[in-house]
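Take the points one by one and find each residue as you go.

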Amino acid sequence: VTFNATSGTPYLIAVDGYNGASGKITMALDLSTAVVPPTLRTPAQLANGTWQITLSGGANRSYKVQYSINLTNWIDLGTGITGADGTLTINDPAGPAARVRYYRGLTQ
């Protein structure tokens, strides 16, 4: 059997033999497809005042970067797929005009 597990969810797995048969089983876990939570690096301010946000996550995965001015309402800034190195860079051109800006990264 194959299924996608969800983080934090307990699973009980039972194995039974047909008509009372018994034997050994093999269980394998494939964590290569696990979603890596995103981490934002410290934003860098470019020469033109634009803020550059770099997200680190799993390689070739889809992530979203959002911003907020009050930590309550979040607005999509950009989405993208990380490269083989697991990074995604998104620029915030409106950043220089904002007095306060909070950023967060989300898995897609």
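1. Start with T50 and its neighbours. Leaving aside residues up to four places away in sequence, T50 touches A44, Q45, N91, D92, P93 and P96. You'll find T50 in the loop between β2 and β3, and β3 covers 51-56. Is T50 buried or exposed? Its relative accessibility is 9%, so T50 counts as buried, the cut-off for that being under 20%.

2. Before going further, keep in mind that this is a predicted model. The chain averages a pLDDT of 88, and 96% of the residues score at least 70. Among the elements, strand β1 (residues 39-40) has the highest mean pLDDT, at 96, while strand β2 (residues 44-45) has the lowest, at 90.

3. Now move on to T54, which sits in strand β3. T54 has a relative accessible area of 13%, so it is buried. Which residues does T54 touch, not counting those up to four places away in sequence? The list is T39, L40, R41, T87, L88 and T89.

4. Next, look at Y63 in strand β4, which spans residues 62-68. Y63 has a relative accessibility of 0%, so it counts as buried.

5. N19 has a phi near 55°, which is a positive value in a residue other than glycine. N60 also has a positive phi, near 55°, and is likewise a residue other than glycine. Where do they sit? N19 lies in the segment before β1, and N60 is in the loop between β3 and β4. N19 is exposed, with a relative accessible area of 71%. N60 is exposed too, with a relative accessible area of 55%; the cut-off for exposed is over 50%.

6. Time to zoom out. How many helices and strands does the chain have? There are zero helices and seven strands, so reading from the N terminus on, you simply get β-β-β-β-β-β-β. The radius of gyration is 21 Å, well over the 13 Å that the globule rule gives for 108 residues, so the chain is more spread out than a compact globule. Along the principal axes, the C-alpha atoms fill a box of roughly 70 × 30 × 15 Å.

7. What about the inside and the outside? Buried residues make up 21% of the 108 residues in the chain. The chain exposes about 8200 Å², and carbon and sulfur atoms supply 53% of that area.

8. Contacts across the sequence are worth a line as well. Take the contacts between residues at least 6 apart in sequence: 54% of them join residues at least 24 apart.

9. The chain has 7 positive and 5 negative side chains. How far apart are the centres of the two sets? They lie 9 Å apart.

Key. Residues are numbered from 1 along each chain as its sequence is written. This is a predicted model: local features need pLDDT of at least 70, side-chain atom pairs count only at pLDDT 80 or more; totals for chains, interfaces and linings use all residues. Side-chain values use heavy atoms; hydrogens and water are left out. Helices (H or I, at least four residues) and strands (E, at least two) are DSSP runs, numbered from the N terminus. The radius of gyration is taken over C-alpha atoms; the globule rule is 2.2 Å times the number of residues to the power 0.38. Buried means under 20% relative accessible area, exposed over 50%, partly exposed in between (1.4 Å probe, protein chains only). Contact means heavy atoms within 4.5 Å. Accessible areas come from the Shrake-Rupley method with a 1.4 Å probe; for residues, only the protein chains shown count as cover. Lys and Arg count as positive and Asp and Glu as negative; His and the chain ends are not counted. The place of a charge is taken as NZ of Lys, CZ of Arg, CG of Asp or CD of Glu. pLDDT is the predictor's confidence in each residue, from 0 to 100.
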